[in-house]
Amino acid sequence: MKRVLISIAVCLTPLWGQAYQQPSAAVREALDAPALPRLLPSPDKQQLALLELRRFNSIEELARPTLRLAGLRFDAASTTPSPLQTLQRLRLRSLLNPETAERSVELPAGGGFHSFAWSPDGQRFLLERRTEQANELWVGDTGSGRLRQIQGLRLNSVFSQGEPAWLNPRELVVLAVPDRRGNTPRTRPQPVIQESIGRPSPERTYPDLLRNPEDEAQFEFLARSQLALVDLPSASARPLGEPALFASVSSVGEGQYLLTERLVRPFSYQLTWDDFPQIVEVRQRSGRVLREVARVPMRQGVAIDGVLPGPRIFYASPTRDAAIYWVEALDGGNPAARVPFRDRVMRLDPPFTGQAREVQRMPHRFTRLRFLDDGQHAILTETDRVRAWTRSYLLPLSGGQSKPLFEHSLRERYRHPGNPLMRTLANGHKVIQSTREGDIFLIGQGASARGERPFLDRLSMAELSTTRLFQSEERSYEMPLTLLDEGRLLTQRETATEPPNLVLRDGAQTQMLTELRDPSPQLRRIRRELVSFKRADGVDLSFWMYLPPDYREGEKRPALVWAYPLEFNDATVASQLGGSPNRFVTLPGISPQLLALDGFVVLNDATMPVVGDARNVNDGFIEQITMNARAIIDKAEALGTVDTKRMAIGGHSYGAFMAANLLAHTDLFKAGIARSGAYNRTLTPFGFQSERRSLWDARETYLKLSPLLYANEIKEPLLLIHGESDSNSGTFPLQSERLFQALTGLGGKVRYVLLPFEAHGYTARESVGHTQWEMSHWLKLHLGDPRSTGAAAAAPTRAPLKQD
């Protein structure tokens with residue numbers, strides 16, 4: 001590892017040293033508290049896995065040699081994504097008999113275990129172990145907890161496929177590193193030439209793209225994989241067919257066939273791997289190709305918010321019919337085309353020798369297909385981007401009239417019907433659970449103006465009516481997880497002071513199945529309250545107010561407002577509130593709420609709606625975030641807990657963009673914190689966030705929304721923090737560098753912190769601790785001591801907008 005110090009850019013002598021700094025003792029204690037274990041019931045609903053994951057990485061972990069190719073980041077030696085979240089401890093126990101002794105799974109030394117997965121019948125489980133040379137597959141016996149390695153198998157996880165391709169509870173197909181693949185190829189230097197021949201190709205800005213023929217050769221060599229059939233009882237594996245650039249593999253039907261997607265040349269220097277050309281094939285279990293289903297061209301020349309004109313988005317049937325489904329555009333993939341139908345769903349049946357047939361046409365763009373366990377139906381969802389609206393239908397898979405189920409705004413909370421209850425089949429596929437009558441179950445958040453109360457409903461497909469089977473009481477937050485035999489319900493219950501635990505409900509009887517303890521009791525001393533109010537035009541707003549443990553009634557403390565803007569088509573939907581006062585608060589390492597432990601009031605998750613027509617909503621972005629900010633300050637003043645002369649604005653990513661714009665266009669705040677943001681919209685010329693117009697279609701909006709171009713108007717001190725290896729589209733570290741250079745050149749007060757090896761979020765223990773230290777010291781420097789009422793600075797002028 002070459003770098004161990006944090007990089008801090010300042011225009012003159014640094015105010016503080018360049019070593020990693022430690023936050024206050026109170027914040028450090030909160031950061032070092034263990035994370036709550038993840039609770040994973042087995043698919044057969046008989047066993048429970050308790051996964052204790054390492055909360056933070058180390059700088060040494062992030063500093064491992066990482067390749068950045070085709071939009072991917074992975075460890076070249078082990079072909080695993082970088083970084084990984086590894087297991088510290090794994091325990092197994094009976095789910096429904098808590099008195100049964102726990103089984104602690106011994107994790108052999110020599111690498112980091114990760115990616116736990118149950119077998120479909122719950123009798124076994126899988127773990128992967130990354131070593132210095134490989135990513136191994138291990139199988140565990142649920143009854144004993146004993147682990148065995150699948151010998152001779154090295155997984156290729158460059159594409160991070162996710163769920164394994166189960167054929168049945170004993171067999172699965174994985175992507176493996178080919179045997180005897182040799183050494184990484186080398187290419188001679190040669191000119192890199194790209195050309196446009198007059199066809200528009202409006203691409204978003206992506207990091208980590210291929211740059212030259214050497215990158216292409218290295219990507220093709222390392223991402224190339226071998227299909228391998230794994231037999232769990234014998235802990236053995238054997239190859240299927242020939243190696244290729246397999247991006248995914250899934251089982252078809254009851255394990256009769258395989259559906260594979262493999263990449264082919266030419267590659268692109270402007271697109272990521274998932275937009276490269278690919279061939280979709282259906283194969284026998286042996287790996288032999290039965291039929292080429294489709295050749296998907298490179299996703300180039302596609303209109304903003306458009307799709308490819310041919311087949312796309314492929315599904316393998318999870319049931320006995322073993323059909324292959326895909327989607328085709330009927331508008332040429334152009335969202336501006338005026339057509340009665342935009343997409344259609346196609347079906348190809350075994351033995352895959354005939355022609356595919358059309359199953360359903362949709363007036364709007366396809367979103368999702370979820371299969372029911374009856375093998376006869378699926379729920380089809382489409383999205384109307386213009387209205388930001390979604391519709392779902394019950395779709396007969398063998399043809400026939402579909403039945404509308406529900407429709408609502410994309411950001412709907414109060415009227416959201418919930419999501420279907422899923423279950424796992426023997427082939428590992430997750431499907432919608434249905435009754436003999438064909439009804440399904442829906443699990444929802446139950447949002448309302450009084451907070452969220454999760455629910456379980458039964459939806460009658462015959463009458464399209466719902467029956468409420470369960471809803472969380474008002475004093476807790478209890479989320480339904482699954483229905484057990486004989487109508488028993490498994491839930492996860494939490495309160496503001498009690499961590500999430502599993503509960504078994506049998507009619508009026510309840511039984512606690514786990515008894516997890518609070519790992520961070522010091523956080524319960526932070527007072528948390530949901531505050532609701534209105535902005536000037538009547539749109540409802542809210543924020544969660546976090547008061548320091550030592551706050552005394554009547555005090556007015558300096559405050560940080562932390563927010564993230566969201567766009568809405570409808571003011572009514574924008575006014576809907578989310579969250580619940582009954583949630584057990586756990587705070588990620590870079591959470592601004594931890595600043596309450598240092599004495600600051602934190603107004604977190606302050607709603608920042610931007611309401612308008614989806615086609616031009618950003619034309620009023622500055623005016624609306626200003627209206628939101630003024631309403632937040634006015635409400636803080638009315639509460640009497642905040643010294644509104646000492647308020648800062650902050651945010652991460654799009655929230656950082658918002659914070660910089662508020663400092664550039666208003667005088668409402670005394671300081672700002674902007675983490676991993678984008679500040680020059682000319683560097684994202686073909687859209688950003690929900691903006692679908694290009695820079696040349698909406699030049700004035702792009703320029704107005706670029707705080708870099710208004711850097712001379714940013715008079716307030718601004719702390720910029722960015723991960724050196726930010727992998728998010730549009731938020732390159734260059735964005736923060738250029739804003740820092742502009743403010744420095746103009747004589748502004750700015751501090752720029754560049755975190756080595758960190759991506760868009762920060763995961764190393766050293767980085768999160770330093771981030772908390774930077775934010776706390778910045779606020780103390782510019783807002784004053786939060787525990788001193790005499791440190792208030794002069795009130796800023798609260799003009800609604802600065803003049804251009």
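**Questions on a predicted model**

Student: How many helices and strands does the protein chain have?
Tutor: The secondary structure of the protein chain includes both kinds of element. The count is nine helices and 46 strands.

Student: Why does the radius of gyration of the protein chain agree with a compact globule?
Tutor: The protein chain has 804 residues, so a compact globule would have a radius of gyration near 28 Å. Buried residues make up 57% of the chain. The radius of gyration agrees with the globule value because the chain has 27 Å.

Student: In β27, which residue is the bridge partner of Glu 382?
Tutor: Strand β26 covers residues 377–384 and strand β27 covers residues 389–396. They pair in the antiparallel sense over eight bridges. In β27, the partner of Glu 382 is Arg 391.

Student: Which residue of β42 is the bridge partner of Met 545?
Tutor: Strand β40 (residues 540–547) has seven of its eight residues buried. β40 pairs with β39 (residues 527–534) over eight bridges, and Met 545 is the partner of Glu 529 there. Three bridges also join β40 to β42 (residues 601–611), and these two strands run antiparallel. In β42, the partner of Met 545 is Leu 603.

Student: Which residue takes a positive phi in the hairpin of β39 and β40?
Tutor: This hairpin has five residues between the strands. The positive phi is near 95°, and the residue is Gly 538.

Student: Why is helix α5 roughly perpendicular to helix α6?
Tutor: Helix α5 (residues 621–639) and helix α6 (residues 654–665) pack with their axes 10 Å apart. Angles of 65 to 115 degrees count as roughly perpendicular. The helices meet that description because their angle is about 85°.

Student: By class, which residues make up the contact of α5 with α6?
Tutor: On α5 the contact includes Phe 621 and Ile 625, and on α6 it includes Phe 657 and Leu 662. Thr 626 of α5 and Asn 661 of α6 also take part. By class, the contact has eight nonpolar, three polar and no charged residues.

Methods: Residues are numbered from 1 along each chain as its sequence is written. This is a predicted model: local features need pLDDT of at least 70, side-chain atom pairs count only at pLDDT 80 or more; totals for chains, interfaces and linings use all residues. Side-chain values use heavy atoms; hydrogens and water are left out. Two strands pair if DSSP finds at least two bridges between them. Helices (H or I, at least four residues) and strands (E, at least two) are DSSP runs, numbered from the N terminus. Axes are lines fitted to C-alpha atoms, for helices over the stretch in contact, and angles run from 0 to 180 degrees between N-to-C directions. Angles under 35 degrees count as roughly parallel, over 145 as roughly antiparallel, 65 to 115 as roughly perpendicular and the rest as oblique. Contact means heavy atoms within 4.5 Å. Ala, Val, Leu, Ile, Met, Phe, Trp, Tyr, Cys and Pro count as nonpolar, Asp, Glu, Lys and Arg as charged, and the others, Gly among them, as polar. Buried means under 20% relative accessible area, exposed over 50%, partly exposed in between (1.4 Å probe, protein chains only). The radius of gyration is taken over C-alpha atoms; the globule rule is 2.2 Å times the number of residues to the power 0.38.
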